[in-house]
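Please look over the sequence and the model shown here before reading on.

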Amino acid sequence: MNRPGLDESGASLIAERVRTAALIESLSARLAAVIEATADAASDDEHDPEGTTLAVERGQLVAQIDRSRVRLEEIDAALERLGRGAYGRCETCGEPIDPERLEVLPAARQCVRCAARNPTRRW
Ligand SMILES: [Zn+2]
């Protein structure tokens with residue numbers, strides 16, 4: 001990823017992407033371990049409290065992995081916008097997004113005003 005035009009925004013997006021990918025990897029490893037432990041627990045009494053704890057953790061891990069994957073997609077979309085020079089502009093109203101907002105949410109698609117009007121979209 002060494003093409004021209006990749007400035008600070010690109011660097012922070014790529015850093016964010018690396019962090020998110022690493023997080024997904026560790027969550028997935030944890031999930032695999034939980035699934036394995038669940039299989040062991042299932043061979044015991046089905047009312048084993050450990051089995052319940054594992055099921056809860058499994059659900060949480062799946063939800064976390066889902067959220068992280070969505071985040072990764074948002075980051076990739078932001079990198080793509082950066083590549084075509086559309087990065088940092090609100091997708092809804094076309095106004096520049098506040099640099100402070102981009103610092104906190106490098107993959108933000110919308111300015112603060114539009115994001116507030118469109119609460120179904122987190123970014
Ligand atoms: Zn806007």
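## A buried serine

In this predicted model, a residue counts as buried when its relative accessible area is under 20%, and as exposed when that value is over 50%. Ser68 has a relative accessible area of 6%, and it is therefore buried.

Ser68 belongs to helix α2, which covers residues 49-83, and its side chain reaches the backbone oxygen of Gln64 at 2.9 Å. When residues up to four places away in sequence are left aside, Ser68 touches Thr20, Leu23, Ile24 and Leu27.

## The chain as a whole

The secondary structure of the chain consists of 4 helices and 0 strands, so that reading along the sequence gives the pattern α-α-α-α. The chain has 123 residues, of which 31% count as buried. Among the contacts in the chain with a separation of 6 or more, 54% are between residues 24 or more positions apart.

## The largest pocket

Which residues line the largest pocket? The lining is made up of Glu8, Ser9, Ser12, Tyr87, Pro99, Leu102, Glu103 and Pro106, and these residues divide into 4 nonpolar, 2 polar and 2 charged. The space in this pocket is about 160 Å³.

Helices α1 (8-42) and α3 (99-104) each supply at least two residues of the lining. Because domain 1 (1-87) and domain 2 (88-123) both give residues to the lining, the largest pocket lies between the two domains.

Conventions
Residues are numbered from 1 along each chain as its sequence is written. This is a predicted model: local features need pLDDT of at least 70, side-chain atom pairs count only at pLDDT 80 or more; totals for chains, interfaces and linings use all residues. Side-chain values use heavy atoms; hydrogens and water are left out. On a 1 Å grid over the protein atoms alone, a cavity is a set of points where a 1.4 Å probe fits but cannot get out, and a pocket is an open set with protein on both sides within 12 Å along at least five of seven lines; lining residues have an atom within 4 Å of a point. Grid points are joined across faces, edges and corners, and a volume is the space filled by probe spheres set on the points. Ala, Val, Leu, Ile, Met, Phe, Trp, Tyr, Cys and Pro count as nonpolar, Asp, Glu, Lys and Arg as charged, and the others, Gly among them, as polar. Domain bounds come from an automatic or database domain assignment. Buried means under 20% relative accessible area, exposed over 50%, partly exposed in between (1.4 Å probe, protein chains only). A polar contact is a pair of N or O atoms within 3.5 Å; within protein, one must be able to donate a hydrogen and the other to accept it, and residues adjacent in sequence count only if both atoms are side-chain atoms. Contact means heavy atoms within 4.5 Å.
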